[in-house]
Amino acid sequence: MSPVDPDAGGYRLQDQIGFILRKAHQRHVAIFASHIADLTPPQFAALAKLRDMGETSQNQLGMLIAMDAATVKGVIDRLAARGLVQLSKHEVDKRRLQVRLTDEGRRAVEDLVPLARQITEETMAPLTEKDAATLISLLTKIS
């Protein structure tokens, strides 16, 4: 099979936003794992948002951290099994699950926030401060 002309049709995979975002995400996740090995980025996101919000519904938490209901349920179940969050039924709507940090979860997230800042700094290290601010602004616009 002969190679395809990379300029045919003006499409080159390596120039596409999805491909570049995936590579950037992979790099960020590798940096994250090198600093926080015992939690995934979605687990940390759940803990950090609960730290900011206090008790909230599982569905609301999922919306706040951009996760669908099935994914956030798995994240919360794993955090609960580790004693970092506690689930309870809503007082009025018994179908609604409420999630809150345990004391252990609060201590864990407080200990991890400085590492999370370092992870962000390492991820953005190739950029100038101005470029980093521009990148965040542009990504916020398309997300």
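**Group meeting: core, salt bridges and a surface patch**

At 9% relative accessibility, Gln98 counts as buried, because the limit for buried is under 20%. This is a predicted model, so please keep that in mind throughout. Gln98 is found in strand β3, residues 97-101. What does the side chain of Gln98 make a polar contact with? The partner is the side chain of Glu55, at 3.4 Å.

Next, the interior. In soluble globular proteins, nonpolar side chains tend to be buried together. Here the largest nonpolar core has 24 residues. Leu47, Ile76, Leu79 and Val85 have the most contacts inside it. At least two residues of this core come from each of α1, α2 (41-53), α4 (69-81), β3 and α5. The largest share is from α2, which gives five residues.

Take Ile76 as an example. Leaving aside residues up to four places away in sequence, Ile76 touches Ala46, Gln58, Leu61, Val85, Leu87 and Val99.

Now the charged pairs. Side chains of opposite charge can pair when their charged atoms come close. How many salt bridges are there? The count comes to five.

One of them joins Arg82 and Asp38, with the closest N and O atoms 3.2 Å apart. Arg82 sits in the loop between α4 and β2 (85-89), and Asp38 in the loop between α1 and α2, so this pair ties together parts that are 44 residues apart in sequence. Arg82 is partly exposed, with a relative accessible area of 37%.

A second case involves a network: Arg51, Asp52 and Glu110 are linked by salt bridges. Between Asp52 and Arg51, the closest N and O atoms are 3.6 Å apart. Between Arg51 and Glu110, that figure is 2.8 Å. Arg51 is in helix α2 and Glu110 in helix α5, 59 residues apart, and the pair links these distant parts of the chain. Arg51 is partly exposed at 31% relative accessibility, and Glu110 is partly exposed at 39%.

Last, the surface. Which residues make the nonpolar surface patch of about 490 Å²? They are Ile17, Leu21, Leu127, Leu135, Leu139 and Ile142. Two helices, α1 (17-35) and α6 (129-142), each supply at least two of the patch residues. The largest share, three residues, comes from α6. Leu127 has its place in the loop between α5 (103-124) and α6.

Technical notes: Residues are numbered from 1 along each chain as its sequence is written. This is a predicted model: local features need pLDDT of at least 70, side-chain atom pairs count only at pLDDT 80 or more; totals for chains, interfaces and linings use all residues. Side-chain values use heavy atoms; hydrogens and water are left out. Patches are made of residues with over 30% relative accessible area and no salt bridge: like charges are joined within 9 Å, nonpolar side chains (Val, Leu, Ile, Met, Phe, Trp, Tyr) within 5 Å. Accessible areas come from the Shrake-Rupley method with a 1.4 Å probe; for residues, only the protein chains shown count as cover. A salt bridge is a side-chain nitrogen of Lys or Arg within 4 Å of a carboxyl oxygen of Asp or Glu. Helices (H or I, at least four residues) and strands (E, at least two) are DSSP runs, numbered from the N terminus. Buried means under 20% relative accessible area, exposed over 50%, partly exposed in between (1.4 Å probe, protein chains only). A polar contact is a pair of N or O atoms within 3.5 Å; within protein, one must be able to donate a hydrogen and the other to accept it, and residues adjacent in sequence count only if both atoms are side-chain atoms. A nonpolar core is a set of buried Ala, Val, Leu, Ile, Met, Phe, Trp, Tyr and Cys residues joined through side-chain atoms within 4.5 Å. Contact means heavy atoms within 4.5 Å.
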